[in-house]
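Have a look at the picture first, then read on.

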Amino acid sequence: MTEILDDVADVAVIGAGPAGLSAAVAAAEHGLRVALIDAGAQTGGQFWRHPDEQHLDSFKAPEHTGHHHWRHYADLRARCTAAVASGRIQHIAGRQVWRTDSLGDRIALRTSAVTGVDTVPLEGRTTWARRLVIATGAYDRQLPVPGWTLPGVMAAGGVQALLKANQVVAGRRAVVAGTGPFLLSVAAGLAVAGVDVVAVCDANALSRWAATPLRALQEPGKLWEGVQYAATFARHRVPLHTRTVVSAVRGEGRASQVELSRVDGAGRIRPGTERTVDADLIAFGWGFTPQLEIAVGLGLRTRVDVDESLVIEVDDNMRTSDPHVYAAGEVTGVGGAIASCAEGELAGAAVARDLGASVDQRFMARHRRRLRRGRRFAVGMHLASPVPAAWYEWVTPQTTVCRCEEVTASEVSEAVCSLDADDARDVRVTARPGMGLCQGRVCGFALSKLVSAHTGGEADTAALESLTNRQVGVPVSLGDLAELVPHHRSKEES
């Protein structure tokens, strides 16, 4: 095992998105030495993904490419830059944490290069810290439908990432489908970029927001965003269809048509409502799945959130069940960028206070209030935009559930009904869904829901953790693994 180095950061932050960047800046401004580790070449994460800062002159202004709260990000970036210049923050860009180890009162973060050959010496691939803030964010949640593996079908987040970072559109005639307000952001961005958005399909009715009106009012800025989306839709003649889903994608070699179907409140297709539209880009968005490999690997306590996602359990100061580890952002519950920023600021200040720094209690109280508002809004959003209970009825026996291992819905059904597999973990071992390259990141949620539909049970914390537990969080080289092996000098070296 690599020996603990003398150079130990006060806190390491994984992720430089809204939560991680906020945590790093807050900790640094309270006097801590911070190691900010992120897979991206520049800060911002997925939410503030943007063009190469060395060539910004060739790109449109950020506010015209689907970015929100850009001024807040610019302020955070400036504060981070100042902290880097003063030596308070070490920004370790282009590296991903593939494993963490708790060794006494120190935490070792094993990192590897995101792309290409890792030129960092073995001894430099481990970052040591006294405390850890996990702010790894989330990724798109996907549900299988017939034809969803055809080229031209993408996650809504991937479509938006191409637009934000590269101003590249993934198609010319698009359908954006799934549920939740994120669909509006993606569709509006595509429309402004010149794409013909022929339909935006939300599986739920907008009237569901009426069930929790006070929660919606917690974030008036979100209401203003909705007004802006409505204006964009009207200007570009983008139709919004509620209680409508893409029930199938068709095409020879790539997607060229989609079947749209009306559904009832439970998500069951209403017979006779099917119709076909031409499209070469289908962007699916069914919410987000928190990225918890690091958290589950550390054995942190988790819970199932209102949107059925597994999230890290934290206290009012963003502390996890491990006193050395904190968490902020979507990993504690999907709630949006501004709530993530509040969590990050709170986590960074809490680390500083726990390490003996002086922290203004008014600072902590202000961010707790902001976070409470954000969480109330998030609960309302999740209640208004759930994954339809009967979505699995859209799936045919031949529909691919696991793309990596090419496991179909009928094979999942057979594992449950014929081989007595009674939870997602058993099905995974028996039929191999989630055993391929993505390790269940894409199919894990859908698999757990399909199994629950067959067994009549619910996916609990243990079942969801079994789909997330990966001792190696990301693909690594043999050199990265070799670092964990004690080095014994040869006779020649002696």
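This is a predicted model: local features need pLDDT of at least 70, side-chain atom pairs count only at pLDDT 80 or more; totals for chains, interfaces and linings use all residues.

1. Local features were taken up only where pLDDT is at least 70, and side-chain atom pairs only at pLDDT 80 or more.

2. Let's start with the inside. The largest nonpolar core has 45 residues. If you want a way in, go to Val-175, Val-249, Phe-284 and Val-427, the residues with the most contacts inside this core. Which helix gives the most to the core? That's α12, residues 444-455, with five residues. As background, nonpolar side chains tend to be buried together in soluble globular proteins.

3. Setting aside residues up to four places away in sequence, Val-175 touches Val-198, Ala-199, Cys-201, Val-246, Val-258, Leu-260, Val-277, Ala-279, Leu-281, Ile-282 and Ala-283. Apart from this core there is another one, made of 40 residues, and Ala-27, Ala-28, Val-133 and Ala-347 are among them.

4. Helix α12 turns up again in a helix pair. Its partner is α10 (residues 409-417), and the two axes come within 10 Å, crossing at roughly 45°. That angle makes α10 oblique to α12. The crossing of α10 past α12 is right-handed. On the α10 side, Val-412, Ser-413, Val-416 and Cys-417 make the contact, and on the α12 side it's Leu-447, Leu-450, Val-451, His-454 and Thr-455. Sorted by class, this contact of α10 with α12 holds six nonpolar and three polar residues, with no charged ones.

5. Next, α1 (residues 18-29) and α2 (residues 70-86). Their axes are 10 Å apart and the packing angle is about 45°, so α1 and α2 count as oblique to each other. Which way does this pair cross, left-handed or right-handed? For α1 and α2 the crossing is left-handed. From α1 come Leu-21, Ser-22, Val-25, Ala-28 and Glu-29, while α2 brings Tyr-73, Leu-76, Arg-77, Arg-79, Cys-80 and Ala-83. The contact of α1 with α2 includes charged residues: three of them, next to seven nonpolar and one polar. You've met Ala-28 already, as one of the residues of the 40-residue core.

6. The crossing of α4 past α6 is left-handed. Leu-184, Ser-185, Ala-187, Ala-188, Ala-191 and Val-192 of α4 meet Tyr-229, Thr-232, Phe-233 and His-236 of α6. Those residues split into seven nonpolar and three polar, and none are charged.

7. You'll find Cys-402 in strand β20, residues 400-402. Is Cys-402 buried or exposed? Its relative accessibility is 1%, so Cys-402 counts as buried. Pro-433 sits 31 residues away along the chain, yet the two C-alpha atoms are separated by 5.2 Å. Residues up to four places away in sequence aside, Cys-402 touches Val-407, Arg-432, Pro-433, Gly-434 and Cys-443.

8. Arg-432 lies in the loop between α11 and α12 and is partly exposed, with a relative accessible area of 39%.

9. Asp-420 is another non-glycine residue with a positive phi, in this case near 60°. Look for Asp-420 in the loop between α10 and α11 (424-431). With 64% relative accessibility, Asp-420 counts as exposed.

10. Last, Arg-95. It is an arginine in strand β4, residues 95-103, and it's buried, with a relative accessible area of 8%. What surrounds Arg-95, beyond its neighbours within four places in sequence? The contacts are Ile-37, Asp-38, Ala-39, Thr-111, Ser-112, Ala-113, Val-114, Asp-118, Val-120 and Arg-125. Ile-37 is 58 residues away from Arg-95 in sequence, while their C-alpha atoms are 6.7 Å apart in space.

Definitions and conventions. Residues are numbered from 1 along each chain as its sequence is written. Side-chain values use heavy atoms; hydrogens and water are left out. A crossing is left-handed if the near helix is turned anticlockwise from the far one by less than a right angle, and right-handed if clockwise. Helices (H or I, at least four residues) and strands (E, at least two) are DSSP runs, numbered from the N terminus. Contact means heavy atoms within 4.5 Å. Ala, Val, Leu, Ile, Met, Phe, Trp, Tyr, Cys and Pro count as nonpolar, Asp, Glu, Lys and Arg as charged, and the others, Gly among them, as polar. Axes are lines fitted to C-alpha atoms, for helices over the stretch in contact, and angles run from 0 to 180 degrees between N-to-C directions. Angles under 35 degrees count as roughly parallel, over 145 as roughly antiparallel, 65 to 115 as roughly perpendicular and the rest as oblique. Buried means under 20% relative accessible area, exposed over 50%, partly exposed in between (1.4 Å probe, protein chains only). A nonpolar core is a set of buried Ala, Val, Leu, Ile, Met, Phe, Trp, Tyr and Cys residues joined through side-chain atoms within 4.5 Å.
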